[in-house]
Amino acid sequence: MAEVKKRFDELDGLKIFFALGVVLYHYWFWEGGHKVANCPKLSALIYVYGWLGVEFFFILSGFLMEHTYRKIIDSLSFPQFMGRRLKSLYAPYLCAECVGIMVVFADYVLCKGQFLFFKGYQITVADIVRSFSVSMQGWNKGRNPFMVATWFINVLILCYAFYFAVLRFAKWCKIKPMYFYVAIMLLTWSFHYMGFKFPFLLYNSTRGYWAFFAGCILYNIQKSGVFNKKIYILVLDFIVLFFLLVGHKFGIPEIFGDVRLVFIFFIFPVLILTVENLPVVKKIFSCKVLTFASKYSMDIYLTHCAVLWLTLIFNEYFGWNLNFASYKVLGCILLIIFAFAFVWHHVMAIVTPAFNRWFVNFIAPAKSEK
């Protein structure tokens with residue numbers, strides 16, 4: 001049975017904004033030295049809370065997974081299901097790790113490793129093997145020493161495996177999967193805040209689980225038609241805009257308390273429901289410009305850390321004395337990130353199919369389909 005082919009172009013159009021949010025967060029973190037004053041004068045919320053873009057990607061992954069695989073998953077074995085997911089993820093992940101290794105090497109050769117979190121870290125065969133295995137952050141307590149942003153892929157693989165197990169268990173119990181989604185979301189949310197230290201239930205893995213299953217729940221809410229009336233969406237939008245404006249004025253934590261909780265359970269779901277149910281908004285985010293830019297959102301996410309790190313390394317080594325609080329410097333770095341992501345995307349379009357012909361098909365041979 002073939003996969004469902006419908007695309008949500010309007011949701012794709014959102015991706016680029018959250019990818020940029022993550023980039024600006026890391027710009028503030030590294031180039032700005034964790035100080036907003038050392039960055040161009042944009043809203044401090046964009047820098048400090050740009051990391052929430054990762055939560056949005058988890059929610060969107062759960063939303064799209066429920067749409068694509070819910071009805072056809074019974075026709076797939078676990079290796080076949082995971083093989084399909086790895087076909088789009090593993091080759092870019094592996095290449096990103098290789099780029100990260102080269103950047104770490106350049107840092108230690110040129111600047112004695114002073115710009116990365118892993119100062120004094122040695123590039124060993126064991127670390128390279130662990131990094132390539134897609135089993136670092138989220139699976140165990142080890143942190144990825146080469147490309148920090150790729151932790152998302154590690155945890156997303158766990159989310160996919162968890163999702164498959166939940167659907168099969170729900171079918172065995174003859175209970176609607178929605179009940180399991182709610183239970184798992186609340187349970188992993190509790191684990192996240194209790195600070196569990198068990199493998200697969202660490203900070204980043206539970207962070208991914210409850211956002212991912214929130215996305216699965218959101219898809220079922222969207223499909224139920226509860227929010228078909230535009231007035232419901234408009235009321236929710238008004239509430240979100242009001243709180244965001246007040247939060248911008250008086251501080252997000254002071255208004256929201258737990259920022260991650262509010263964004264995952266309220267703001268991001270309202271945003272997705274708005275884009276899906278208001279025709280004007282849907283048309284805006286499905287326009288050709290945004291959908292074209294969003295094709296490169298994952299490429300930007302996977303590669304931007306390398307560009308930011310290399311900027312710091314070369315700035316020190318060549319004595320450029322860049323002013324990272326300048327709009328020109330930020331603009332040039334963003335252009336380089338976009339250019340690198342553009343090239344990366346088209347290289348991966350060649351590398352990924354060639355890689356999958358022997359790797360993914362080896363671990364999960366394709367099932368003959370009618």
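Modeller: The crossing of α3 and α8 is right-handed, a term for a near helix turned clockwise from the far one by less than a right angle, anticlockwise being left-handed. This is a predicted model, in which local features need pLDDT of at least 70 and side-chain atom pairs count only at pLDDT 80 or more, while totals for chains, interfaces and linings use all residues. Residues are numbered from 1 along each chain as its sequence is written, and side-chain values use heavy atoms, with hydrogens and water left out.

Helix α3 spans residues 52–69 and helix α8 residues 203–224; helices here are DSSP runs (H or I, at least four residues), numbered from the N terminus. Their axes lie 7 Å apart and the packing angle is about 50°, where axes are lines fitted to C-alpha atoms over the stretch in contact and angles run from 0 to 180 degrees between N-to-C directions. The two helices are therefore oblique to each other, since angles under 35 degrees count as roughly parallel, over 145 as roughly antiparallel, 65 to 115 as roughly perpendicular and the rest as oblique. On the α3 side the contact is made by V54, E55, F58, I59, S61, G62, F63, M65, E66 and H67, and on the α8 side by R207, G208, A211, F212, G215, C216, L218, Y219, N220 and Q222. By class, these residues divide into 10 nonpolar, 7 polar and 3 charged. Contact means heavy atoms within 4.5 Å; Ala, Val, Leu, Ile, Met, Phe, Trp, Tyr, Cys and Pro count as nonpolar, Asp, Glu, Lys and Arg as charged, and the others, Gly among them, as polar.

F58 and F212 take part in this contact and also belong to the largest nonpolar core. That core has 116 residues, of which Y27, F58, F81, Y160, Y163, F212 and F213 touch the most other members. A nonpolar core is a set of buried Ala, Val, Leu, Ile, Met, Phe, Trp, Tyr and Cys residues joined through side-chain atoms within 4.5 Å. Beyond its neighbours within four places in sequence, Y160 contacts M65, F81, M82, R85, L89 and F212.

With 4% relative accessibility, Y209 is buried (under 20% relative accessible area, with exposed over 50% and partly exposed in between; 1.4 Å probe, protein chains only). Setting aside neighbours within four places in sequence, Y209 contacts L158, C159, F162, T188, F200 and L201. The C-alpha atoms of Y209 and I128, 81 residues apart along the chain, are 26 Å from each other.

Phi of K174 is near 60°, a positive value in a residue other than glycine, and K174 is exposed at 78% relative accessible area. The axes of α7 and helix α11 (residues 259–277) come within 13 Å and cross at roughly 165°, and the pair is therefore roughly antiparallel. Their contact joins M185, W189, H192 and Y193 of α7 to R260, L261 and F265 of α11, in all 5 nonpolar, 1 polar and 1 charged residues.
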